[in-house]
Amino acid sequence: MTTWFLIIDCNTFYASVEKVFRPDLRNKPVVVLSNNDGVVVALSQEAKDVGIKRGDLLFKIEELVKTHRVHVFSSNFVLYYDFSKRIETVVRRYFYDVEKYSVDEMFIEYTTDKSVDEIRETAKKIRDTISDEIKIKVSIGIAPTKTLAKVMNRYAKKDKRYQGVAILKDTNLLQKALFTYPAGDVWGIGRQHSKNLAAQGITTAWQFSQMNDNWLRKNFSIVGLRTARELRGIRCIDMELHPPDKKNILCSRSFGKPISELSDLKAAVSAFVQEVAEKLRRQKSVCKSIGVMVMTNPHRKDQKQYYNSVMLELPYAANDNLTLQEIAFIGLEKIFRTEHLYKKAGVFVNDLFSSENIQYTLWDNAAKISKRRHLFQTVDTINTSLGLIKLGIQKGTEAKHSMRQTKKSPNYTTDISQVPKIDMD
DNA sequence: TCTGGGGTCCTAGGACCC
DNA sequence: TCTGGGGTCCTAGGACCC
């Protein structure tokens, strides 16, 4: 028996999803923008071919967009997440244990005595099924460790000869796979490490993997050592089938237009508190403190800059909007200064623990706390199906802090009023 | 006009305790 | 002629991922 790791990775995911309901965009360049339509976060191969890169500012590529008739979309996470779930469902028909690593990637651990060719055929079948049923192309990398599977995945994606599935047949081929593979493209080696490595003449994954353990440990911590060992074929990173509860939850967002009034910031903070509180309740956690941060636009050198954040203790461990909002507002008022144009705000909670075993002290108003918790359980139930209930402060003020999203596609798959219509006339 | 959002882990250093 | 040492907790900062 041999244990393999498969990684299934969707090609240019957001851009591909946007194309599914738009057959007229086949073979056309498509880009998807960040929140507020600021920068390119995803792009189709055709868009890459005309010279657009991830991270490009929209206003700087206007010329390219015009000349090459690039189709531009605001991000539609509801749609992408729904596609992600559909793809996962297909994969689970073949493998019960799937690690959802990100919205467009899944790891699978596969222990089998099947031959390399048989494994490749299975992978191809999964790939074809996803392509047929969901209309999304995926690449699959297969190897004895997660890090090597990621390496193979890139070969599967970049080199047509693999037809979307690349497997590291045996470790004798390690040197061949890593010899020309850029060190900076290895999973776990980012920009900074890559720069430091290059300064010492280390540019390939193979060179990195052959460095001395002590040196790796000293310069790149235990994380870097683990990466090097994984590249040698030694398994160091396991599957994570059940995502652990979040230890921190953050909700922050830039505003479509700058805000200067406290009341408008309050409306934004209230909305962020709502999101944070919902996430807390979803994982059955409570928090003992809550933080708020505000900032001006750091890119506007001509404007007065201000950044501040504050963390406040709650009177008791909680996860209901009302308690969290009360304290968040106190925090906001502490750090709010007039005369600034605020571009972004955020709400965060750290040190979460399970809501199942809260210890109240003698002074806690247990009745009030319990009432609030039940109230928001009900609110969650209603919002899950309708999404209508908000705290009063948010009423009518949404426009002031809402994002700019002028090019959003319909929620084709999750909103009955937005499904595509076919004209039969 | 225009610059994303949400996470994780690791390390070093200071405070504090006995 | 000497000025401990080990353990724990917390925080800030820096790296990484998508």
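The model is predicted, and every value below was computed from it.

Three strands line up in the order β3-β2-β4 to form an open sheet with mixed pairing. The edge positions are taken by β3 (40-43) and β4 (71-73); each has a single partner strand, so one side of each is left without a neighbour in the sheet. On average, and ignoring direction, neighbouring strands of this sheet are turned by 25° against each other. Between strand β2 (residues 30-33) and β3, the pairing is antiparallel and runs over 3 bridges. Looking at individual residues, L33 has V40 in β3 as its bridge partner. Helix α1 (residues 13-20) packs on this sheet, where it touches β2, β3 and β4. The direction of α1 makes about 115° with that of β2.

S34 sits in the loop between β2 and β3. Is S34 buried or exposed? Its relative accessibility is 16%, and since buried means under 20%, S34 counts as buried. A polar atom of the S34 side chain lies 3.3 Å from the backbone nitrogen of G38. Leaving aside residues up to four places away in sequence, S34 touches V39, V41 and S75.

Which backbone atom lies 3.0 Å from a polar atom of the side chain of S75? It is the backbone oxygen of L33, the residue whose bridge partner in β3 is V40. When residues up to four places away in sequence are not counted, S75 touches V32, L33, S34, N35, Y80, Q405 and K408.

Attention now turns to the DNA. There are 13 residues around DNA strand C, and those that come nearest are E105, K150, G188, G190 and H193. In S102, a polar side-chain atom is 3.4 Å from a sugar or linking oxygen of DNA strand C. The side chain of D104 has an N or O atom 3.2 Å from a sugar or linking oxygen of DNA strand C. For G188, a polar backbone atom is 3.0 Å from a phosphate oxygen of DNA strand C. Two elements, β5 (99-102) and α8 (191-199), are the ones that give two or more residues to the surface near DNA strand C. Of the elements, α8 gives the most, with 3 residues. Sorted by class, the surface near DNA strand C has 4 nonpolar, 5 polar and 4 charged residues.

The last stop is G201, in the loop between α8 and α9 (205-209). A relative accessibility of 41% makes G201 partly exposed. In sequence, G201 and S252 are 51 residues apart, and in space they are 40 Å apart from C-alpha to C-alpha.

Key: Residues numbered from 1 in each chain as written. Chains lettered and ligands numbered in written order. Predicted model: local features only at pLDDT ≥ 70, side-chain atom pairs only at ≥ 80, totals over all residues. Heavy atoms only, no water. Near = heavy atom within 4 Å. Polar contact = N/O pair within 3.5 Å; in protein donor to acceptor, adjacent residues only side chain to side chain. Helix = DSSP H or I, 4+ residues; strand = E, 2+ residues; numbered from the N terminus. Nonpolar A, V, L, I, M, F, W, Y, C, P; charged D, E, K, R; others polar. Pairing = 2+ DSSP bridges. Axes fitted to C-alpha atoms, helices over the stretch in contact; angles between N-to-C directions. Contact = heavy atoms within 4.5 Å. Buried < 20%, exposed > 50% of the residue type's maximum accessible area, 1.4 Å probe, protein only.
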